[in-house]
Amino acid sequence: MTTSTTHTTVGRYIGQSVKRREDPRLLTGHGRYVDDVQTPGTLHVAFVRSNYARGEITDLDITEALRVPGVEAIYTGADLNPLCQQFWATMTGPPIELGGETPYPPGSVLAQDDVRYVGDPIAVVIASSRYIAEDAADLVVVDIEPRTPVLGLHEAVASTELVHRELKSNVSAAMPMPTVPQVEALFANAPHVITRTFRGARATNVPMEPRGLIVHYDRYRSEMNIRAATQSVHEIKSFAARLTGLPESHIRAVADDVGGGFGQKMMVLREEAAVIAAGFKLGTAPVKWIEDRRENLMASNQARSEAGELSFAVDDDGHILAVKADFIEEVGAYPPSAGATAALAIGVFPGPYKIPVLIPGCTAVYTNTVGKSAYRGPWALETIFREQMMDHVATEIGMDPIEFRRVNLIGPDDLPYTTATQMVYENITPTETLDQVVEMIDVAAFRDEQARARQDGRLLGLGIAGYVEPSAIAFGVLSSDPAVLSMDVSGKVQVRLGTGSHGHSIETTIAQVIATHLGCDIDDVVVIQGDTATSPVGPGTGGSRTAVVAGGAAQTASIELRDKLVRIAAQLLEANPDDLEVEGGVVSVKGTPQAAISFAQLAMTAHMAPDKLPAGMGPGLEVAARYRPPTAFTWSNATHGCIVEVDPETGIVDIKRYVVSEDCGQMINPMVVEGQIAGGVAQGIGGVLFENMVYDANGNPLATTFLDYLLPSAPEMPDFEYGHVESMSNTLGGYKGMGEGGAIASPPALANAINDALAQRGVAALTEFPFGPSQIIDAINAAG
């Protein structure tokens with residue numbers, strides 16, 4: 001979709017690496033996060049949590065803890081659960097009854113009769129300080145009779161024990177793989193059929209700022225104020241209203257600076273709901289909970305505990321004839337709205353390839369572990385498994401992995417292209433990004449270097465991965481975003497958004513969009529978000545949506561406001577609007593720059609001299625716009641290339657080069673684009689080499705500190721190299737989202753590079769993350 005206008009804006013900011021406006025306060029320690037907000041009289045929360053993965057609560061005694069000086073209240077499930085009226089996320093809607101039953105866990109904020117994972121919150125202790133609350137929590141007596149926990153992907157399906165006694169099975173969702181006789185015949189007659197099973201490593205989001213919120217309910221005014229580390233202030237406001245029964249108009253939610261989220265702060269999780277309920281019940285003072293790192297690792301959402309069995313039927317020329325993909329995912333005990341994402345992964349599984357036939361299956365299972373929720377690219381398993389499989393198939397049929405991809409890639413002449421899952425691609429560039437990566441790496445030169453290194457006993461490897469990202473998700477509550485743009489009497493501009501920045505440079509990029517299309521200086525634009533009292537209703541920030549959807553709203557509002565300014569200027573200058581141009585906050589007659597009028601003069605007229613406005617025009621300068629993309633997904637794509645060296649003695653992986661060619665349409669700010677890529681790739685590297693949230697046989701998490709849950713740090717990061725392809729999308733501005741792609745393609749690119757290095761010694765390819773030193777050495781030893 002294109003928008004035309006007769007008024008030219010000169011001096012553009014879009015496409016420029018404008019320095020981030022957020023950085024001066026954030027990099028100097030002057031950001032304001034939830035824990036920085038100090039309100040007199042604030043009380044502090046500590047949770048009493050379960051030490052067992054599954055068991056019956058036989059005794060819960062708070063008597064001694066209540067005697068601790070400074071303790072204001074202790075609430076248990078019996079106190080808070082009855083207060084909770086509705087427990088569901090706006091994004092997914094209320095639970096749906098199937099056959100008279102709701103196939104979801106109970107919407108309780110605290111465990112009441114039994115516990116269902118280690119870290120399950122049992123009681124809320126409220127005291128004058130966090131120290132006192134923690135000490136009192138230690139005095140709460142909880143007796144639990146342990147039960148055998150339900151653990152493991154396939155074990156959960158087969159187990160007769162139930163994670164949730166209210167349900168009939170441990171299967172959260174299922175789409176059994178169908179048997180199609182024609183496809184079975186195709187596989188039976190195919191020259192090559194290759195089957196592999198891949199397994200991800202369980203991970204958690206680890207935002208720099210853990211979860212936290214302050215809830216102040218004034219029962220005499222019937223008003224609730226919430227400050228939260230959230231990706232969506234309107235979501236937490238709506239959730240609190242549903243939970244407590246308060247009207248939304250009586251609730252205000254504010255998010256100042258938010259230190260990362262990656263999906264963890266998109267929905268309200270149980271501890272946050274418990275604090276809202278506790279503050280509502282207390283009704284006399286602000287109640288504050290700041291999650292510590294142990295809680296964040298042990299009890300916040302987790303993800304990536306997934307496996308997939310893939311079967312490819314391929315002809316002798318390397319063409320993919322058909323694919324079977326059967327996914328299974330673990331959603332833990334209390335995932336927000338069931339947590340299953342494999343069905344979405346199936347929908348986008350074909351990625352950048354011409355896969356004519358896809359037979360899918362997927363299963364999601366409850367286990368006695370922490371609930372699954374969004375983590376940067378919730379559907380990523382489709383790319384992570386598929387791109388590893390591309391290398392396995394290429395090796396099996398004796399074809400170079402890059403050439404195997406070329407044979408099957410969707411090319412320019414194939415567009416528009418409808419995938420086997422009925423997704424329609426119109427503006428993607430998989431072949432172009434692959435070509436750019438191959439050129440940047442100089443693959444032929446690398447293969448020569450690899451051969452020389454092999455003779456010296458060194459193991460070098462190259463990995464490639466491509467993907468198509470379903471960005472700017474636009475259905476349901478995510479369908480649109482608002483922007484309210486206003487100009488004050490001095491000619492300065494303010495835009496109010498429904499977004500929730502948590503590291504996305506929104507204050508910079510949206511200002512670039514507005515300055516470009518309104519025709520003002522970027523320093524004259526102020527971006528406001530994160531306060532339900534001032535921000536228009538929007539779904540928040542997530543799903544790689546902001547540039548496309550919020551950017552589209554900002555662009556729409558800017559053009560509309562600019563047109564009004566031009567009409568006012570035409571009236572005052574006695575000129576035809578079509579003869580005017582806008583640049584640097586000034587409207588002038590084309591070719592006659594001395595016939596000009598500034599935004600400040602126009603604003604003065606609009607606000608203070610309405611009689612001078614064109615006939616029929618109302619006073620003031622404010623525009624409200626809402627933008628909805630033309631399709632449910634705006635497809636972006638990229639190719640990643642990785643070169644590693646594997647030490648055969650220690651199993652340590654050294655990433656020598658990491659190259660990305662990204663097509664996210666019209667780039668608003670290339671520096672921000674590259675920062676998003678780097679951050680995502682760092683998370684992907686962590687998921688392959690370091691991060692693994694392991695549980696023992698009793699359901700105990702074994703990585704609840706950074707001594708055990710390993711994160712990549714600066715020394716492990718390579719210098720990233722970037723290439724860009726810009727094919728315009730059919731959205732306003734030509735933008736495409738790309739916030740999650742770095743984390744999606746990097747795991748298979750790195751995995752393929754490691755396996756290519758190991759293949760130099762004839763070592764069988766690894767298929768289960770993590771690919772840590774011990775796993776690599778075991779594989780080398782197994783190969784003799």
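Guide: Let's start with Ser311, which sits in strand S15, the stretch covering residues 306–314. Keep in mind that this is a predicted model. Ser311 counts as buried because its relative accessibility is 10%, and the cut-off for that label is under 20%. Its side chain has a polar partner: the side chain of Thr195, at 2.7 Å in a polar contact. If you skip the neighbours within four places in sequence, the residues in contact with Ser311 are Phe187, Ile194, Thr195, Ala322, Val323, Lys324 and Met389. So much for the serine; on to the charged pairs.

Side chains of opposite charge can pair when their charged atoms come close. Across the whole structure, a search turns up 46 salt bridges. Take Arg49 and Glu271, whose side chains meet in one of them, with 2.8 Å from N to O.

Now for a local pair. Glu403 forms a salt bridge with Arg406, and their closest N and O atoms are 3.3 Å apart. The two share helix H12 (residues 401–408), where they are three residues apart, about one turn of the helix. Glu403 is labelled partly exposed because its relative accessible area is 39%, and Arg406 gets the label partly exposed because its value is 33%.

Lys736 and Asp663 give you another salt bridge between side chains, at 3.4 Å from N to O. Lys736 is in the loop between strand S30 (720–724) and helix H19 (741–759), while Asp663 is in strand S29 (residues 653–663), so this pair ties together parts 73 residues apart in sequence. Here, too, the two partners, Lys736 and Asp663, are buried.

Let's look at where domain 1 meets domain 3. On the domain 1 side 17 residues are in contact with 18 residues of domain 3. The size of an interface is often given as the accessible area lost when the parts come together. For domain 1 and domain 3, the buried area is about 1300 Å², and carbon and sulfur atoms give 60% of that. Three residues stand out on the domain 1 side: Ser544, Val548 and Gln555 supply 37% of the area that domain 1 buries against domain 3, more than any other three residues.

What about polar and charged links there? Between domain 1 and domain 3 there are zero salt bridges, but there are seven residue pairs in polar contact, with both residues at pLDDT 80 or more. Helix H15 (506–519) and helix H16 (546–573) each supply at least two residues of the domain 1 side that touches domain 3. By type, the residues on that side are five nonpolar, 12 polar and no charged.

Definitions and conventions
Residues are numbered from 1 along each chain as its sequence is written. This is a predicted model: local features need pLDDT of at least 70, side-chain atom pairs count only at pLDDT 80 or more; totals for chains, interfaces and linings use all residues. Side-chain values use heavy atoms; hydrogens and water are left out. Contact means heavy atoms within 4.5 Å. Buried area is the accessible area (1.4 Å probe) that two parts lose on being put together, summed over both. A salt bridge is a side-chain nitrogen of Lys or Arg within 4 Å of a carboxyl oxygen of Asp or Glu. A polar contact is a pair of N or O atoms within 3.5 Å; within protein, one must be able to donate a hydrogen and the other to accept it, and residues adjacent in sequence count only if both atoms are side-chain atoms. Helices (H or I, at least four residues) and strands (E, at least two) are DSSP runs, numbered from the N terminus. Ala, Val, Leu, Ile, Met, Phe, Trp, Tyr, Cys and Pro count as nonpolar, Asp, Glu, Lys and Arg as charged, and the others, Gly among them, as polar. Buried means under 20% relative accessible area, exposed over 50%, partly exposed in between (1.4 Å probe, protein chains only).
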